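Subject: Handing over a structure

Hi there,

Here is the structure I promised to pass on to you. Have a look at it first, and then read on for what turned up.

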Amino acid sequence: MQSAPWFLSESHVLPDSVLSSGTRGEAPVLSRREERRRQTQDALIEAAMRLLAEKGFEGTTTDEIAAAAGISRRTLFRHFPTKADLVTAWTQQMTDVLSERVQACPPEMSPQEVIRVALEAVVPHMAKTREEALAFVRLIEQDPGLQSVSLHKYACWEDSLTTVLEQRLPDVEGRALAARVAARSGIAAFRTAVDEWIRVKGRVGLVTLIRRVLALQMACFRDD
């Protein structure tokens, strides 16, 4: 029996549609030049995130990132003018996954399920291993120099969720506001799950914690 992926606890399973959402296999065919450009950017992002997580944002130089990626400093700056741009590119990959997944949710899916499925879809794309993902999340959530990047990421997620949720809610007065409230509540649940994941040092799967926090959130507002 295979062990669960790093982002799950043993008792939970994600459907293939979530595990594969936003993967490069679904992307349009690229020209050879565009494919090389993407490969270069991916190599830079991966090298940067590993170094930044290990040495901190201020403690990592662009020369070190370029060397780790096997790319010249000039090439690095052509793709990413600043270190913050590299981290932003990493978060954009997850934002793209969330946007694609939320748009793909079937019409009959409830708003609560849309939020859960979209947030869960992001997690497998954080990193290849739990250790890397935990280090990357600590970096972006706790480094003062990256707070604006983290906040921008969550704002983009909220906008994507709000747009889709508004289309699914009853056409009554206050629908847009209700969609925004639901989306922001979902983002708050995700951030709470991430905080708890950091606190327990990744010993519980992040997807498991997302489900737990969303369930607690719903329980808090029940009338019974």
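How many cavities of 30 Å³ or more does the structure hold? It holds one. Before going further, please keep in mind that this is a predicted model, in which local features need pLDDT of at least 70, side-chain atom pairs count only at pLDDT 80 or more, and totals for chains, interfaces and linings use all residues. Residues are numbered from 1 along each chain as its sequence is written, and side-chain values use heavy atoms, with hydrogens and water left out.

**The cavity**

A cavity here is a set of points, on a 1 Å grid over the protein atoms alone, where a 1.4 Å probe fits but cannot get out; lining residues have an atom within 4 Å of a point. The largest cavity has about 40 Å³ of space, a volume being the space filled by probe spheres set on the points, which are joined across faces, edges and corners. Its lining consists of W90, M94, M126, V137, I140, E141, K153, Y154 and V194. Seven of these residues are nonpolar, none is polar and two are charged (Ala, Val, Leu, Ile, Met, Phe, Trp, Tyr, Cys and Pro count as nonpolar, Asp, Glu, Lys and Arg as charged, and the others, Gly among them, as polar). At least two lining residues come from each of α5 (83–104), α7 (130–142) and α8 (147–168), and α7 gives the most, with three. Helices are DSSP runs of H or I with at least four residues, and strands are runs of E with at least two, numbered from the N terminus.

**How α2 packs**

Helix α2 (residues 32–55) and α5 have axes that come within 9 Å and cross at roughly 110°. The two are therefore roughly perpendicular, a word used for 65 to 115 degrees; axes are lines fitted to C-alpha atoms over the stretch in contact, with angles from 0 to 180 degrees between N-to-C directions. In this contact (heavy atoms within 4.5 Å), D42, L44, I45, A48, M49 and L52 of α2 face K83, L86, V87, A89, W90 and Q93 of α5.

The axes of α2 and α7 also come within 9 Å, crossing at roughly 70°, which makes this pair roughly perpendicular too. Here M49, R50, L52 and A53 of α2 meet E132, A135, F136 and L139 of α7. That contact has six nonpolar, no polar and two charged residues.

**A region from the record**

An unreviewed UniProt entry lists residues 61–80 as "DNA-binding region"; such annotations may be inferred rather than shown by experiment. Over this stretch the chain is 75% helix and 0% strand, with its end C-alpha atoms 13 Å apart.

Enjoy exploring!

Terms used: On a 1 Å grid over the protein atoms alone, a cavity is a set of points where a 1.4 Å probe fits but cannot get out, and a pocket is an open set with protein on both sides within 12 Å along at least five of seven lines; lining residues have an atom within 4 Å of a point. Angles under 35 degrees count as roughly parallel, over 145 as roughly antiparallel, 65 to 115 as roughly perpendicular and the rest as oblique.
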